[in-house]
Amino acid sequence: MSKELLDHALELLAPLGPLRSRRMFGGWGIYVDDLFIAIIAFDQLFLKADDTTLPRFEAAGCRRFEYEREGKLAGLRYFSPPEDAMESPALMRPWAQLAVEAALRARQKPATRKPKPSSSASRKY
């Protein structure tokens, strides 16, 4: 994984506030404050998206983060920024802000968990 890409991404995202990075999944995770906003994997930066921001990324032709899992293609809601956004912090700012907004909404959304079947529900009388 390219340390140069990580350094460049941190430079592009610096206007958002205090950043930190952490090794994960063979790549890097990038946080602003305590919000997980980006992934660097396969030598590409991917920004967090959600139902609200997804249409903007798709309309701009951004590439979804995808990987192979158990022989099938899987993906996460992270998208590459447009190519020109990789040129300057000013061009990256609106895309990075979308990632921050998605991360804030994810933090506020209560985790949805499937209820565990009770042991009595599976018993036959």
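Analyst: A residue is called buried under 20% relative accessible area, exposed over 50% and partly exposed in between, using a 1.4 Å probe and protein chains only. Helices (H or I, at least four residues) and strands (E, at least two) are DSSP runs numbered from the N terminus. The model is predicted, so local features need pLDDT of at least 70 and side-chain atom pairs count only at pLDDT 80 or more, while totals for chains, interfaces and linings use all residues. Residues are numbered from 1 along each chain as its sequence is written, and side-chain values use heavy atoms, with hydrogens and water left out.

Across the protein, buried residues make up 38% of the 125 residues.

Strand β4 pairs with two strands, where pairing requires that DSSP finds at least two bridges between them. With β3 (residues 35-41), the sense is antiparallel and there are four bridges; Phe-46 of β4 is the bridge partner of Ile-39. Two residues lie between the strands of this β3 and β4 hairpin, in which Phe-42 adopts a positive phi near 55°. With β6 (residues 72-79), β4 again pairs in the antiparallel sense, over two bridges, and Leu-47 has Phe-79 in β6 as its bridge partner.

Among contacts (heavy atoms within 4.5 Å) with a separation of 6 or more, 51% are between residues 24 or more positions apart.
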